[in-house]
Amino acid sequence: MTKPEILTFGCRLNTYESEVMRSHAAGLDNVVIVNTCAVTGEAERQARQAVRRAHRERPDARIVVTGCAAQIDPERWAALPGVTRVLGNREKLEAASWSEMALGEGHAVSDIMAARETAPHLVTEFAGRTRAFVEVQQGCDHRCTFCIIPFGRGPSRSVPVGAVVEQVRALVQSGYREVVLTGVDITSWGHDLPGKPLLGQLCRRLLALVPELERLRLSSVDPVEIDEDIWKLLEAEPRFMPYLHLSLQAGSDIILKRMKRRHLTADAAAVVARARALRPDIGIGADIIAGFPTEDDALFEQTLEFVRANALPYLHVFPYSERPGTPAARMPAIAVPERKARAARLRAVGAEAARAFHERLRGRTLRVLMETDTAGHSEEFAPVRLAQGAVSGAGRIETVRPVAVDDNGLVAEIL
């Protein structure tokens, strides 16, 4: 029997959901599952290539396509050669979708906008990973002008505290030392639960109720929704990782307004300043879109200067990608080559900031979660590899001292 092969594209939430599907589909033979992303046209292109490659290399395999791109446009994916079934984002997480009988029942994609709750799932293993992801929230109630994801994920809904605690406890018992809380818009967690708790309260309760959890980390957060409990944890809780990844998108107020973001540059800069005041060596990342419609040279320079002035070391830069049906897709476009050129300039400034940040960490004592025998990430999410000849083991937490910096991060000796 051939275990199901799962090809995952996109976010950490998709990674988590792929593990849910791996468990549900464990009894199926000769199946390829393609878990798609719809954030950019490039992500969709890569997923389509994967479907075609799977059919070419395994012509007898049954291909199931799911994820955000499949949810938004199921007919397009169903038409690809070799595709047996298309599943929506709700259906892919239901055990009943993964029986032999279900595979022959055709496509199943329900109205995601009608979803009102998120069923908890128990995952105890992430294939090939030493860091575990836990879904705490689904969907998004905001309508940024560039984003199609709410139509793939539906409205925002939260996983109850008890279910999150149970999931984290199970992962720790399986040997995971670090857990990352993830979702589509995780800082909206709790708005639909009794008492409307905030994300920081969830983090506090997790750390209190699972004392054996060594490291808790957040995925991308909205700059204007970081609550006071999160700030207090950053300041005083050593098990709460000193890293923030901001859903920034631009460093120009005009572009942020045209994106319909809820923050301005002053808000983001204040978050960065406060974080560094509390934890001077905190790692800070940011998502940025290069070449958003109407972004002229002067507006792009504002974003470039914001990144430079705030010394953001860990950038995820994406050339703007039109998403059909979004307001931004109807705005005056920037030429694709220019988008790519701007993305390259942003990445170069980010690389300078990363090198400077890593230089500040050189000589310090760091705790690194090893992802291979020779490389991992520190608490600040700095990439670290062991000095030549040193070997550890994936899943171990090593105490190290960086002795050198290069373009790939830090080189360190085990203490």
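**Stop-by-stop selections**

Start with D407: its relative accessible area is 74%, so this residue is exposed. Keep in mind that you're looking at a predicted model.

R355 and D407 make a salt bridge, with the closest N and O atoms 2.8 Å apart. R355 sits in helix α13 (residues 336–361) and D407 in the loop between β16 (397–406) and β17 (409–414), so the contact ties together parts 52 residues apart in sequence. R355 itself is partly exposed, at 34% relative accessibility.

Next, pick R131 and E371. Here's another salt bridge, and its closest N and O atoms are 2.9 Å apart. This pair links distant parts of the chain, 240 residues apart: R131 is in strand β5 (residues 131–135), while E371 is in the loop between β13 (366–370) and β14 (375–378). R131 counts as buried at 9% relative accessibility, whereas E371, at 26%, counts as partly exposed.

Then jump to residues 2–104, which an unreviewed UniProt entry lists as "domain: MTTase N-terminal". This stretch is 43% helix and 19% strand, and its end C-alpha atoms are 19 Å apart. While you're there, show E5 and R58, whose side chains form a salt bridge at 3.0 Å, N to O. E5 is in strand β1 (residues 5–8) and R58 in the loop between α2 (41–57) and β3 (62–67), so the pair connects parts 53 residues apart in sequence.

Conventions:
Residues numbered from 1 in each chain as written. Predicted model: local features only at pLDDT ≥ 70, side-chain atom pairs only at ≥ 80, totals over all residues. Heavy atoms only, no water. UniProt positions renumbered as here; feature names shortened; annotations may be inferred. Helix = DSSP H or I, 4+ residues; strand = E, 2+ residues; numbered from the N terminus. Salt bridge = Lys/Arg side-chain N within 4 Å of Asp/Glu carboxyl O. Buried < 20%, exposed > 50% of the residue type's maximum accessible area, 1.4 Å probe, protein only.
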